[in-house]
Amino acid sequence: MIGQTIFKIEDMTCGHCEKTVVKALAEVLPGKAVSIDLAARKAFVEGDALLAEQAIREAGYTPVREV
């Protein structure tokens, strides 16, 4: 799915986690908008949701797509 996807990432708990997730997403979705709300433990991602989800998992986190 292309467009904006919101992922809840409960195990993203600190600034280091945030940077790791952003880096992983930037590698698979270069030039796409990625923003993080660390307090809410959410990632807002533009682009291919399947690629984004896989990248987050490979970085060691557990993303859950919000509807």
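**Strands, loops and a helix pair**

Trainee: Which strand holds F44?
Mentor: This model is predicted: local features need pLDDT of at least 70, side-chain atom pairs count only at pLDDT 80 or more, and totals for chains, interfaces and linings use all residues. Residues are numbered from 1 along each chain as its sequence is written, and side-chain values use heavy atoms, with hydrogens and water left out. Elements are DSSP runs numbered from the N terminus: helices are H or I with at least four residues, strands are E with at least two. F44 lies in strand β3.

Trainee: Is F44 buried, partly exposed or exposed?
Mentor: Buried means under 20% relative accessible area, exposed means over 50%, and partly exposed is in between (1.4 Å probe, protein chains only). F44 has 23% relative accessibility, so F44 counts as partly exposed.

Trainee: How far apart in space are D11 and G60, C-alpha to C-alpha?
Mentor: D11 lies in the loop between β1 and α1, and G60 in the loop between α2 and β4 (64-65). D11 touches C17, G60, Y61 and T62, not counting residues up to four places away in sequence. D11 and G60 are 49 residues apart in sequence, yet in space their C-alpha atoms are separated by 9.0 Å.

Trainee: Is G60 buried or exposed?
Mentor: Check its relative accessibility, which is 53%. By that value G60 counts as exposed.

Trainee: How are α1 and α2 oriented to each other?
Mentor: Two packed helices are described by the angle between their axes and the distance between the axes. Axes are lines fitted to C-alpha atoms, for helices over the stretch in contact, and angles run from 0 to 180 degrees between N-to-C directions. The axes of α1 (residues 15-28) and α2 (residues 49-58) come within 9 Å and cross at roughly 135°. Under 35 degrees counts as roughly parallel, over 145 as roughly antiparallel, 65 to 115 as roughly perpendicular and the rest as oblique, so α1 is to α2 oblique.

Trainee: Which residues of α2 make the contact with α1?
Mentor: Take α1 to begin with: V21, A24, L25 and V28. From α2 come L51, A52, A55 and I56.

Trainee: What UniProt annotation covers residues 3-67?
Mentor: Over residues 3-67 the chain is 37% helix and 25% strand, with end C-alpha atoms 13 Å apart. UniProt positions are given in the numbering used here, feature names are shortened, and annotations may be inferred rather than shown by experiment. The unreviewed UniProt entry gives "domain: HMA".

Definitions and conventions
Contact means heavy atoms within 4.5 Å.
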